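Please keep the sequence and the structure in view while reading.

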Amino acid sequence: MVLVYAEATNGEFKKVAHEVIVYGKQTADVLGTECHALVLGDAPGAEGLGKYGAAKVHRISSPHLEGFDAAVYTVAITEAAKQLGATVIVVPHNSTGKNITGRLAARLEAGSVAGANAVPMMKDGYFTVTKPVFSGKAFADVQVLTDVKVISLAGNSIPVTEAGGDAPVVELSVEPPAPKTKVINHQVATGRTPLPEAELVVSGGRGLKGPENWAVIEDLADALGATTACSRPVADSDWRPHHEHVGQTGVAIRPNLYIAAGISGAIQHLAGVNNSKTIVVINKDPDAPFFKAADYGVVGDLFDVLPRLTEAVKKYKGQ
Amino acid sequence: MKLLVCVSKTPETTTKIQLTSDGTEIDTTGVQYIMNPYDEWYALVRALELKEAAGGTVTILNVGPADNDPVIRKGLAIGADDAVRIDVTEEKDSLFTARQIAEFARGKDFDLILFGKETISYNGSEVGAMVAEFLDLPYVGDAIGLEVEGTQATVTRDIEGGDEVIEVQTPIALSAAKGMAEQRIPNMRGIMMAKRKPLEVVQAVDFPDTTRVASYQKPAEKGSVKLIEPDNMDELVRLLHEEAKVI
């Protein structure tokens, strides 16, 4: 059985949870088994996870699961996996997953693939999972050699489709230990979708000339409903916050659309964005290396081009 | 305070990744290596800042072959007190590496075990969490802030669209991300002193492989870029909608 940890984001099951279940179901199909979802703590709508492929939803309720603690969540998930006889455990490769994937693998002495971007396949007799390596400059086919396997799924790797109906929700008797960490503050900005989950991203580089000029990026992002990002020099100069930095030493992203304005396209930047489905590059230098990695290019002054593109998007959306 | 900073060796950030002709390995011809940036810029520098403020020692740990020694020496030049290399000559997976670190650290009373948030080679973000589990320590990944007062650590971690502040008693393990510290460039005195600092080599413990990379692929090459005139943004929007189907 494939056991998927379905994470509720601020009390709701969103894309992060739906993606891992769709992935878990496809993995279960490869292995000829079922996909079950695991929910930690109370969140409404758990039965709806059946629509994405969960045959059953197991829920563990405990006051110890209220704030996130990697060690406590690890015990809860591994105990559930043992009780249910799961052979594959799937978690999202987001901030939660990055805290628990390694712990799950160590606790179960299981082979793990962190940041997978494709459904596992049986190849040459081995359970094989593909993941990006070298920050997206290559992909590795990883054979998992242990009976129990742990996979974390990179965001935006798999299209979410709805198929079945609601799934039964059953309580699972697991008593996780008390956490040793205490969350004293939890802040999430409202508004734009967080960068790693964003499907549309508008990004600015040194060509913007200064933080005071960012309105042209923000306006386009607002028109599209996109998230804003930036290149490393921009973050290093404190023109924009660090968490907006995409690239090899920033966030690696794979949105459907990445629009880069005033970014030349150094190899370190490309590494973090070249798995985007469609790349649009706007640069006044026709020789900017980024054009070689782009699907669409506009050679021109971004201070002219971006407002025109924003108007065109508004016109299209208004139709 | 006794601090352990675990560091990896990775290809330099501008490296173009090439594969061997059968695609089973990375072609390392001409590849220049560095200390993994997250390990060096954030984990190591923050450890040094804490030591400078409160006293203590900073030990660097690497799991790998003797070829890694120049990278380890750079860490000593930046300011670590001593270093340990667990001698492993073959490429091994995360769980093997974590097991080596855990067996070395067990019983040595480190207050903090620091990692970079991921390597820029395998991008797993796993080893720190694995070590924490093996040693039964609390772990905080993607930390962007770390303050320590006595045995009380206050850690700020990156979460999607925000951050979270956590209080925890040491000993703990954590991984450091951008925002934790600023990169330090070693000076000549540091480089000279590094040559005399101890670099101990210890034997690895046995641990079975749990994963193996069978082959690599390069991303599909993009076709040639389609250029759109700057005064025709309606056309770009049409292409994004009708051809690329992304809006």
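What distance separates the centres of domain 1 of chain A and domain 2 of chain A, taken over C-alpha atoms? In this predicted model, the two centres are 32 Å apart. The domain assignment places domain 1 at residues 2-171 and domain 2 at residues 195-318 of chain A.

**Overall build of chain A**
- Chain A contains seven helices and 18 strands, and its radius of gyration of 21 Å is close to the 20 Å that the globule rule gives for 319 residues, so chain A is as compact as a globular protein of that length.
- Along the principal axes, the C-alpha atoms of chain A fill a box of roughly 60 × 45 × 40 Å.
- Of the 319 residues in chain A, 60% are buried, and among contacts between residues at least 6 apart in sequence, 65% join residues at least 24 apart.

**Contact between the domains**
- Eleven residues of domain 1 of chain A are in contact with eleven residues of domain 2 of chain A.
- On the domain 1 side, the residues that touch domain 2 comprise three nonpolar, six polar and two charged residues.

- Q248(A) lies in the loop between α5 (232-236) and β16 (257-261) of chain A, and Q248(A) counts as buried because 24 other C-beta atoms lie within 10 Å, where the cut-off is 20 or more.
- Leaving aside neighbours within four places in sequence, Q248(A) is in contact with S135(A), Q268(A), A271(A), G272(A), T13(B) and I120(B).
- Although Q248(A) and P233(A) are 15 residues apart in sequence, their C-alpha atoms are 13 Å apart in space.

Note on methods: Residues numbered from 1 in each chain as written. Chains lettered and ligands numbered in written order. Predicted model: local features only at pLDDT ≥ 70, side-chain atom pairs only at ≥ 80, totals over all residues. Helix = DSSP H or I, 4+ residues; strand = E, 2+ residues; numbered from the N terminus. Rg over C-alpha atoms; globule rule 2.2 N^0.38 Å. Buried ≥ 20, exposed ≤ 12 C-beta atoms within 10 Å, placed from the backbone. Contact = placed C-beta atoms within 7 Å. Domains from an automatic or database assignment. Nonpolar A, V, L, I, M, F, W, Y, C, P; charged D, E, K, R; others polar.
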